[in-house]
Amino acid sequence: MKLGRILGLSLIAASFMFAHTFKLADTIKGAGPMVKKFNAECHYYEKYINYITPDELKKWIDEDKDFTIVDVRSVDEMKGGEIDWPDYDEYPRGDVAIYAAMGGLKKNNVYVFVCATGHRAVLAGAELVKWFNFPKKNIYVLRGGINGWLNSGYSVVNKVTEFGGFKGLKKAGKVKEPVILDQF
């Protein structure tokens, strides 16, 4: 009886794993229904933001233009590296509206939103324009995200420790107290 029960549960678990694996594979390939819906949502919200290419952002950095990079990736993703800029904030994608409502983001500042590929950054930036009446001229999204930055040949620095805290900022000019949101 125990063997039958174990065998039955094993079959159920195996079928779940099989189905989940292929659903995950479809999602990774971009064929999953949720990915298609997410991509459509991102394309809709593009009308609220401006794109900036990695080359344009590098030029802004070299010219020391006044802007803030807002990274909406998770702390684990940030461990892979960040663009080296002293005015760099980290707000998880879902918390951007909360910080805007609390006054943590100012309407007259210029923001460049960054995520891994640009999709979450579009949603975060568009949220500010659509719901909080930020001027579109102040909201940019790095085209291709951090992956686009790296694929353009630019480097990143690792400012995040394995526990989510900062090792420290490198430049001394515009340094401010960094904000860290642990995702426990």
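Predicted model: local features only at pLDDT ≥ 70, side-chain atom pairs only at ≥ 80, totals over all residues.
Q: What makes strand 2 and strand 4 count as a pair, and in which sense do they pair?
A: Two strands pair if DSSP finds at least two bridges between them. Strand 2 (residues 68–71) and strand 4 share four bridges, in the parallel sense, so they qualify as a pair. One spot to look at is Ile69, which stands opposite Val112 in strand 4. By the way, helices (H or I, at least four residues) and strands (E, at least two) are DSSP runs, numbered from the N terminus.

Q: What is the handedness of the β-α-β crossover from strand 4 to strand 5?
A: The chain goes from strand 4 through helix 6 (residues 119–132) to strand 5, and the crossover is right-handed. That name applies if, with the strands pointing away from you, the path from the first strand over the helix to the second runs clockwise.

Q: How do you know that both faces of strand 4 are covered?
A: In a regular strand the side chains alternate between the two faces of the sheet. On strand 4 (residues 111–114), Tyr111 and Phe113 sit on one side, Val112 and Val114 on the other, and all are buried. Buried means under 20% relative accessible area, exposed over 50% and partly exposed in between (1.4 Å probe, protein chains only).

Q: What puts the buried residues of helix 3 on the same side?
A: Those residues are Pro54, Leu57, Trp60 and Ile61. They cover an arc of only 115 degrees around the axis, so they share one side of helix 3. The arc is that of the directions from the helix axis to the C-beta atoms. The face turned away from this buried side carries exposed Lys59 and Asp62.

Q: What makes a group of residues a nonpolar core, and which members of the largest one touch the most others?
A: A core is a set of buried Ala, Val, Leu, Ile, Met, Phe, Trp, Tyr and Cys residues joined through side-chain atoms within 4.5 Å. The largest has 24 residues, and Val72, Val96, Leu105, Tyr111, Phe113, Leu128 and Ile139 touch the most other members. Helix 6 gives the largest share, seven residues. Apart from this core lies another, of 17 residues, among them Trp60, Ile69, Val110 and Tyr140.

Q: What makes Tyr111 and Phe134 a tilted pair instead?
A: Their values are 6.4 Å centre to centre and 55 degrees between the planes, so the pair falls into the tilted class. Tyr111 is in strand 4 and Phe134 in the loop between helix 6 and strand 5, 23 residues apart.

Methods. Residues numbered from 1 in each chain as written. Heavy atoms only, no water. Phe/Tyr/Trp six-rings, centres within 6.5 Å; stacked < 30°, edge-to-face > 60°.
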